[in-house]
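I opened this model to look up a few points and write them down. The entries are in the order in which I checked them.

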Amino acid sequence: MRLIDRYRAVRARTVALAAPLSPEDQMVQSMPDASPTKWHLAHTTWFFETFVLAPAVPDHPPADAGYGFLFNSYYEGVGRRIERGRRGQLSRPSLAEVHAYRRQVDDAVEDWLASERGDSRDRAGLATLVLGLHHEQQHQELLLTDVKHGLGLQPGRPAYRADVPNATLTAAPQRQAAAGPTRFRAFEEGIVSIGHDGGGFAFDNEGPRHRAFLQAFELSERPVTCREYLAFMKDDGYARAELWLSEGWRHVQLEGWRAPLYWERRDGEWMTYTLDGLRPVGLDEPVAHVSHFEADAFARWAGARLPTEQEWERAAADGPVTGHFADSDRFHPGSATSGMFGDVWQWTASAYGPYPGFRAPAGALGEYNGKFMSSQMVLRGGSCLTPAGHLRATYRNFFPPEARWQMSGIRLARDA
Ligand SMILES: [Fe+2]
């Protein structure tokens, strides 16, 4: 696909994801970690304006001198910004003005792309444009997780969309194919290559490629299901301190965790909020919306552990990047099947840190990933909310261990 067509497709997808929401719902900010839809629409546009247009087209006037303060997320190198938890206070600019901002920047980016020819192409500018497309895809997923949090905690549990595009969505969970017992795949000990090899796009945190030694291990062929997680709950998993890391146990006490986020009991049945509204928990679907601490406690209860990110990558490296992603428009996990990718991100036992030899690039874009390498855990594999084509075996997602609003689940590992 030509770059200009890719640009148009990614930008149009973001607008399409926001379209089912009323302007009021696009203002909702349910917590500092979650941003309003309107802010995602504007921030992704600011990224192109700031990092692509400003250097490539110096005489391009900024759409609005105040937008940098409103829509800069965390780049210290490009100036001050509004506090993250106050993004929901921005009734101005209006949603219509944000869409006008998108169109204005899109026109300028497309003019620039059309003006570049042959050897005169601005390689650095084009590389940043590609980074901007992957950045926008990340925000497409965040838009959905943030909308889910904003709507799913409202008493009425309103659905994100009224019309469900895929008939399989409404299939009763009990009619779904039952997941068989967990099978483990065995891996011999040895030295493996970890990280991106530099061919094609990758985020800076995926490199440098390097070698690592792995002890022999076993990895579950599919993620943990809701049925399996319910067994942990029924066995008092949330009440047994010996299963929990100390920090996780503190969260259980402070926040009253008794089930995954969005689960609630109604008339004796476990229900879960989905982007299509409240529905019975699908027993053979991968459990989602658990924290790293819950994943770790479940693994201990199950006589297993979480995989390291190197083990995960070793298992994923020799297979295709196929799975259930957001292009299905289902936005909810399907029945758990064997495979490394899709449905739910999988918490690993690995703290998010730099690979050997990693140096954040110079300049503001060096702040993209490197400065977050503390106090977070790595997740792998992508989810039903991740855009198809966005994932790689080397892709490293990261969130604080207590985070539950992402589509995060569990895959088990064992020592051989
Ligand atoms: Fe961003």
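**Ground rules.** I am working with a predicted model, in which local features need pLDDT of at least 70, side-chain atom pairs count only at pLDDT 80 or more, and totals for chains, interfaces and linings use all residues. Residues are numbered from 1 along each chain as its sequence is written, and side-chain values use heavy atoms, with hydrogens and water left out.

**Iron site.** I first looked up the protein donors of the iron ion and found His-43 (NE2), His-135 (NE2) and His-139 (NE2), lying 2.2 Å from the ion. Donors here are N, O and S atoms within 2.8 Å of the metal (3.2 Å for Na, K and Ca); water is not among the atoms, so sites may look incomplete. I noted the sequence spacing of the donor residues as H-x91-H-x3-H. Both His-135 and His-139 sit in helix α5 (residues 123-152), four residues apart, or about one turn of the helix. Helices (H or I, at least four residues) and strands (E, at least two) are DSSP runs, numbered from the N terminus.

I then checked accessibility, where buried means under 20% relative accessible area, exposed over 50%, and partly exposed in between (1.4 Å probe, protein chains only). His-135 counts as buried because its relative accessibility is 4%. His-139 has a relative accessible area of 10% and is therefore buried.

**Glu-136.** Glu-136 is also in helix α5. I list Glu-136 as buried because its relative accessibility is 0%. Contact means heavy atoms within 4.5 Å. Leaving out residues up to four places away in sequence, Glu-136 touches Val-10, Arg-11, Thr-14, Thr-44, Phe-48 and Arg-102. The side chains of Glu-136 and Arg-11 are joined by a polar contact of 2.9 Å. A polar contact is a pair of N or O atoms within 3.5 Å; within protein, one must be able to donate a hydrogen and the other to accept it, and residues adjacent in sequence count only if both atoms are side-chain atoms.

**Leu-41.** I next went to helix α2 (residues 37-56), which holds Leu-41. Leu-41 counts as buried because its relative accessibility is 0%. Among the residues that Leu-41 touches, not counting those up to four places away in sequence, are Thr-14, Leu-95, His-99 and Arg-102. Leu-41 and His-99 are 58 residues apart along the chain, and their C-alpha atoms are separated by 7.7 Å.

**Domains.** The domain assignment, which is automatic or from a database, gives domain 1 (3-152) and domain 2 (184-415). Their contact takes 30 residues from domain 1 and 31 residues from domain 2. The C-alpha centres of the two domains lie 27 Å apart. How much area is buried between domain 1 and domain 2? I read about 2600 Å², with 64% given by carbon and sulfur atoms. Buried area is the accessible area (1.4 Å probe) that two parts lose on being put together, summed over both. Tyr-74, Glu-141 and Lys-148 supply 27% of the area that domain 1 buries against domain 2, more than any other three residues.

**Strands.** Last, I looked at strand β11 (residues 377-380), where Met-377 and Leu-379 point one way, Val-378 and Arg-380 the other way, and all are buried. Two strands pair if DSSP finds at least two bridges between them. Strand β10 (residues 345-351) runs antiparallel to β11, with three bridges, and Gln-346 stands opposite Arg-380. Three bridges also join β11 to strand β12 (residues 397-399), again antiparallel. Phe-399 in β12 is the bridge partner of Met-377.
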